[in-house]
Amino acid sequence: MEKQENGPTDMRNNVIRILFFALVIMCLVGLSFSFDLSRGHIIKVAFLGSQEDEDYAGALAFKKVVEERTGGATTVQVFPAGQFCSNARECLEALQSGTLEVTMTTAGGAGSLFGAIQVLDLPYAFSGDEMAECILDGPFADKLRESVLGAEAGIRLGVISNTGGWRNFATVATPVRNASDLKGLKLRTVTAPIQQEMMRQLGASATPIAWSELYSALATRVVEGTKNSVQDIVGMKFNEHIKYLTLDGHAYMAAMWWYSEPLWQDLSPEMRAIIMEGFQTLQRTTRKIVKTGEAAALQEFRASGGTVHVPSPQERKSFENATTGMRHWFAEQYGKEWLNAIDTAVNACSTNLS
């Protein structure tokens, strides 16, 4: 009798216990998720570009997405113009050590850690924006991302965008119409081997100068020119000294946005997805600004007294012929794997875009 009377009571108590423990577990899961979103509640983004260019606008777009998607639990701090690190190597080392979450480099800037990435700087490899974006958003980018991780460089590729448009030859006092006009000129480059080799093959003198020191180097004729986009030239007021611009478009200024791999490993799948959403918004933002800003930059360059030259097909061919040895040089330095990869990507995109 006693067991029959107490049976329903025991059952009710068991149900209450089960519901109580389920509620506790749900609360703990919720707290764990909230805590994970706020882990490393400050994400620092540092790069060398100024507050006037597309990199800064892209970083602000990234900030907006991450902060909104985490409900304000994560704060994104943006450090432009070398405020956090003064050159690409320092920025990447900060990612490796886990003292910085995000930075941006060009292929040349990342070449010290993963040399083969310089394949993106092979001259005259891409025919235009549409081709470049097709390649850098497809299987080639996936292969690059996996290979950098496999090299255990301590950095993870988020997205590849664009910083400034296309590299062109810009000079202080010497008009450049064909490859022979570059012979003997001192042109600013970064320390990337591929850029220095390109200058050698063109007969110019490669002179590595830090970005922050280039204005004064042009003013004092430490260098007689540089190889940058018109938007960078105008944005940094280099046009106060540079008076000749040759739109040969020898390289697409791919912008690699990196995340610290040690810090990435501490993130939950939910937080990783939010960061990638932020990167993709950054990519769309920067690409749009670059495309719409070139015409205005050219107009400003001309208005400041600059002369713009668009090479004829024959003149452009002289630049291409003078740098045909770059592929052989690259293969000797880094092997043929990445040459084959970029060729495969170009052929696939040519087919897709035709």
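**Salt bridges and a buried lysine**

Counting as a salt bridge any side-chain nitrogen of Lys or Arg within 4 Å of a carboxyl oxygen of Asp or Glu, the total comes to 14 salt bridges. This is a predicted model, in which local features need pLDDT of at least 70 and side-chain atom pairs count only at pLDDT 80 or more, while totals for chains, interfaces and linings use all residues. Residues are numbered from 1 along each chain as its sequence is written, and side-chain values use heavy atoms, with hydrogens and water left out.

- R287 pairs with D137 in a salt bridge whose closest N and O atoms are 2.8 Å apart.
- Because R287 lies in helix 11 (residues 269-303) and D137 in the loop between helix 5 (129-136) and helix 6 (139-150), the pair ties together parts that are 150 residues apart in sequence; helices are DSSP runs of H or I of at least four residues, and strands are runs of E of at least two, numbered from the N terminus.
- R287 is buried at 9% relative accessible area, whereas D137 is partly exposed at 44%, where buried means under 20%, exposed over 50% and partly exposed in between (1.4 Å probe, protein chains only).

- E93 and R89, both in helix 3 (residues 88-97), stand 4 residues apart, about one turn of the helix, and their side chains meet in a salt bridge at 3.0 Å, N to O.

**K44 in strand 1**
- K44 belongs to strand 1 (residues 42-46) and is buried, with a relative accessible area of 17%.
- Leaving aside residues up to four places away in sequence, K44 touches Q77, F79, F84, T99, L100, E101 and V102, a contact meaning heavy atoms within 4.5 Å.
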